[in-house]
Amino acid sequence: MERNRHLQYLVASAVSLATTTLGMCSLWTTPAMPKLQNNETSIVITNKQISWMLSLSPVGFMIGSLVTRFICDQFGRRTTLLLSAVPIATGTIIAASANKAWWLFIMKILWGFGTGMISTIVTIYIAEIADKDIRGRLSVYTRIAFHFGGLLMLCIGAVATYDVTNYLLLAMPVLYFSACLWIPESPYYYLMKGRHEDAKTAFVRLRGTSEVGF
């Protein structure tokens with residue numbers, strides 16, 4: 001039993017890299033906004049445009065959260081988590097290379113979409129792969145990772161330039177995508193699709209036992 005618990009903790013650690021990225025994206029505005037307002041970047045942006053930029057993130061988050069349920073039921077929990085890295089990475093590349101304010105509008109929508117996906121799918125995935133007596137603990141780990149990501153962004157943004165901050169942030173979706181490549185699909189997703197052998201294999205891998213019980 002201890003062996004399978006170790007695997008579940010490792011899986012939660014890999015998933016927590018995604019929530020760390022979520023925290024970093026959520027707090028990006030705090031160090032970036034003074035740099036934008038003080039003309040420390042190549043982007044000319046007004047306070048009104050900054051307000052518009054900030055208002056677009058919840059729109060993307062809402063859309064991302066709503067479509068995630070469809071995506072994860074169609075393609076799987078693990079695949080959905082991997083796909084969430086795409087809008088995050090794309091938005092970060094835009095943030096690093098943008099020279100017009102409207103590019104940041106697109107960036108915030110993409111980030112909102114990606115973070116909405118992460119926020120939704122992590123909750124579903126942890127609930128489905130974790131033993132019930134450690135499920136709450138693993139969920140707390142992902143929340144701690146979120147707050148750590150926010151703290152990390154504040155620390156980096158306080159000392160790094162706008163461009164360096166964005167390039168460092170770009171490493172995060174690549175990191176959690178790579179880490180989550182090896183995690184198993186949820187056994188419950190396989191059961192939904194009638195793939196009972198795949199469900200058994202995933203369950204055995206997660207629990208480390210040949211005794212299957214869903």
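This is a predicted model: local features need pLDDT of at least 70, side-chain atom pairs count only at pLDDT 80 or more; totals for chains, interfaces and linings use all residues.

Author: Along the sequence the pattern reads α-α-α-α-α-α-α-α-α-α, that is, 10 helices and zero strands. The radius of gyration is 19 Å, close to the 17 Å that the globule rule gives for 214 residues, so the chain is as compact as a globular protein of that length. Along the principal axes, the C-alpha atoms fill a box of roughly 60 × 30 × 25 Å. Buried residues account for 49% of the 214 residues, and, among contacts between residues at least 6 apart in sequence, 79% join residues at least 24 apart.

Is Thr-92 buried or exposed? Its relative accessibility is 1%, and because buried means under 20%, Thr-92 counts as buried. Leaving out residues up to four places away in sequence, Thr-92 touches Trp-111, Asn-166, Leu-169 and Leu-170. With one of these, Trp-111, there is also a polar contact of 3.2 Å, which joins the two side chains.

Thr-115 has its place in helix α6, which runs over residues 101-129, and at 6% relative accessibility Thr-115 counts as buried. A polar atom of the Thr-115 side chain lies 3.1 Å from the backbone oxygen of Gly-112, whereas the polar contact of Thr-92 is one between side chains. Once the neighbours within four places in sequence are set aside, Thr-115 is in contact with Leu-22, Cys-25, Phe-61 and Ile-88.

For contrast, one may turn to Ala-158 in helix α7, which spans residues 135-159. Ala-158 has a relative accessibility of 65%, and because exposed means over 50%, Ala-158 counts as exposed. The C-alpha atoms of Ala-158 and Thr-30 are separated by 9.4 Å, although these two residues are 128 residues apart along the chain.

Finally, a word on charge: the chain carries 18 positive and 11 negative side chains, and the centres of these two sets lie 5 Å apart.

Terms used: Residues are numbered from 1 along each chain as its sequence is written. Side-chain values use heavy atoms; hydrogens and water are left out. Helices (H or I, at least four residues) and strands (E, at least two) are DSSP runs, numbered from the N terminus. The radius of gyration is taken over C-alpha atoms; the globule rule is 2.2 Å times the number of residues to the power 0.38. Buried means under 20% relative accessible area, exposed over 50%, partly exposed in between (1.4 Å probe, protein chains only). Contact means heavy atoms within 4.5 Å. Lys and Arg count as positive and Asp and Glu as negative; His and the chain ends are not counted. The place of a charge is taken as NZ of Lys, CZ of Arg, CG of Asp or CD of Glu. A polar contact is a pair of N or O atoms within 3.5 Å; within protein, one must be able to donate a hydrogen and the other to accept it, and residues adjacent in sequence count only if both atoms are side-chain atoms.
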